[in-house]
Amino acid sequence: MSGYLAAPPPERGIFCNRTLNMRAIKAIGYDMDYTLVHYQVEAWERRAYEHIRDRLVALGWPVEQLTFDPMLAIRGLIIDTEKGNLLKANRFGFVKKALHGTRPMDFDSQRTEYTRTIIDLAEKRWMFLNTLFSLSEACIYAQLVDLLDAGRLPGPMGYADLYAVVRSTLDAAHMAGKLKAEIIAAPERYLQPDPETALALLDQRSAGKKLLLITNSEWAYTLPMMHAAFDPYLPKGMTWRELFDVVIVSARKPEFFTTRSPLFEVVESQSEALLRPHSGPLKAGTPYFGGSALELERHLGMSGDEILYVGDHMFGDVHVTKNVLRWRTALILRELEEEVRAIAAFRATEARLAERMVVKERLEAESCQVRLELQRRRLQYGPRSEVPEEQLLARGAALRLELEALDAELGPMARSAGELSNPHWGLLTRAGNDKSHLARQVERYADIYTSRVSNFLFATPFVYLRSPRGSLPHDPNVPGGAPVFQATDAASGPNP
């Protein structure tokens, strides 16, 4: 068969952590920014960065020459506001890579700083980069740490004070509305169109699902952005507003999911949008301001696992809805497409790396046995072989040379693996040979994850998404998890 029933390219797949039957989903809620509406990340973040920088220049800071570096930060990093560091942690909270400002920390410095530290995001010290909107903030903070260390910023000021200035300056830039006014004036410069998203939502609506738009953006921004992203790709005469049963703007997520707040109706006029208090059922086609998830559930007559919420913000969209409301959750990770392609391109090298690691593990095991044999002979205990000591010493020396040569071969391949997608941080979902802190959160809170909403086209609104069988290191035939015990033969007993 052809068209959207064909298998999607690997990077456009929907990946399932917990089995999800889309036929049982009665309502689907969507975030807007970086979920339904995608941006040219570098263009948006560069302008956000420039707004922060220009405000700091107005305060007299010597930052005119700073420029946005799109490679300096990725989603899922953690800012250590006490130390002025950008960190990548594994799923257990141990730091695997670190920059102090923009400068990589060497192994000894990193170990000294963090060997006894386990990152707990509940502590105020740590700032997690939940979304692509965080990249400009992280970039300029790292560059300002360099200037602070050089004594070029007004003081006295610590790293935490510096982060507070960056955060408040970014908030002020958004509150002033100049950045969003630029986007509205020239959406073609910032939007990344995806014509297939409109069809995916039409499929879902036509399959009987209620569609909800729940965004923190205000109505004056939501209206033109949704118009630009959807209306050109809908059937003639139809607008994006006809897709949605409920539209809620300025939702204040994550508080929308955890607290009760007044709901207002957005009253549109030719000059401006006004607000008036609302009570009673929600009206289709009418935008609303504020409110709460509990009120929305009452209106829909649904709750819990009947509702799927789709968003890009790990905490505000996915974590809270799962923990508090028990809604089903979908995370949008646009970077996933590049990540999957990078992994595929590296596959041949990865196979070679795995093959050589098997050899290294065998040589290391033999080296350990030789060392143990020599130790027992020296201390005169335990069983010992009849192999002459000179032969053991020679074999140990030969093994060391083989391992050194193998390490020289493995080193460049391992470094390449650690630099996939980004020269500083590597893959979004990996931290060394382990899952990253971000990957652990995706695994824990997102029932499904994918790179864009239009990927639902390949799955249809009726799909039964099944999670793969979970694996543990002791499971056989799992990469990095060789069987604990060697195979036995019933006739001959354990293999030698």
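Q: Let's start with helix α13. How far apart are Arg 352 and Glu 355 in that helix?
A: This is a predicted model, so keep that in mind as we go. Arg 352 and Glu 355 sit 3 residues apart in helix α13, which covers residues 347-379, so about one helical turn separates them.

Q: Why does that spacing matter for which way residues point?
A: An α-helix has 3.6 residues a turn, so residues three or four places apart point the same way.

Q: OK, and what do the side chains of Arg 352 and Glu 355 meet in?
A: They meet in a salt bridge, with 2.7 Å from N to O. Arg 352 is partly exposed at 35% relative accessible area, and Glu 355 is partly exposed too, at 44%.

Q: How many salt bridges does the structure hold?
A: It holds 41. One of them pairs Arg 341 with Glu 11, where the closest N and O atoms are 3.5 Å apart. Arg 341 is in helix α12 (residues 336-345) and Glu 11 is in the segment before β1, so this pair ties together parts that are 330 residues apart in sequence.

Q: Which residue does Arg 125 form a salt bridge with?
A: Glu 82, with the closest N and O atoms 3.7 Å apart. This pair also links distant parts of the chain, 43 residues apart: Arg 125 is in the loop between α2 and β8, and Glu 82 is in the loop between β4 and β5. Here Arg 125 counts as buried at 16% relative accessibility, and Glu 82 counts as partly exposed at 48%.

Q: Switching to strands. In what sense do β5 and β6 pair?
A: Antiparallel, over 5 bridges. Leu 87, for example, has Ala 98 in β6 as its bridge partner. The β5 and β6 hairpin has 5 residues between the strands, and Gly 93 there takes a positive phi near 90°.

Q: And what about β6 and β7?
A: They pair in the antiparallel sense as well, over 2 bridges. Leu 99 has Pro 104 in β7 as its bridge partner. These strands form a hairpin with 2 residues between them, and Gly 101 in the turn has a positive phi of about 65°.

Q: You keep bringing up positive phi. Which residues other than glycine have it?
A: Gln 380 is one, with phi near 60°, and Thr 460 is another, at about 75°. As background, most residues other than glycine have a negative phi, and most peptide bonds are trans.

Q: Where are Gln 380 and Thr 460 found?
A: Gln 380 is in the loop between α13 and α14, and Gln 380 is exposed, at 58%. Thr 460 is in the loop between α16 and β19, where Thr 460 counts as partly exposed at 23%.

Q: Which peptide bond is cis?
A: The one from Lys 253 to Pro 254, with omega near 10°. Pro 254 lies in the loop between β10 and α9.

Q: Last topic, the inside. How many residues does the largest nonpolar core have?
A: It has 100, and those with the most contacts inside it are Tyr 30, Leu 144, Phe 230 and Phe 244. Helix α3 gives the largest share of this core, 10 residues. A second, separate core of 20 residues includes Ala 27, Leu 212, Leu 263 and Trp 327.

Q: What does Phe 230 touch?
A: Leaving out residues up to four places away in sequence, its contacts include Leu 36, Leu 201 and Trp 240.

Q: And Thr 222, is that buried or exposed?
A: Thr 222 counts as buried, at 0% relative accessibility. It lies in helix α8, and among the residues it touches are Met 32, Trp 240 and Val 249.

Terms used:
Residues numbered from 1 in each chain as written. Predicted model: local features only at pLDDT ≥ 70, side-chain atom pairs only at ≥ 80, totals over all residues. Heavy atoms only, no water. Salt bridge = Lys/Arg side-chain N within 4 Å of Asp/Glu carboxyl O. Helix = DSSP H or I, 4+ residues; strand = E, 2+ residues; numbered from the N terminus. Buried < 20%, exposed > 50% of the residue type's maximum accessible area, 1.4 Å probe, protein only. Contact = heavy atoms within 4.5 Å. Pairing = 2+ DSSP bridges. Core = buried A, V, L, I, M, F, W, Y, C linked by side-chain atoms within 4.5 Å.
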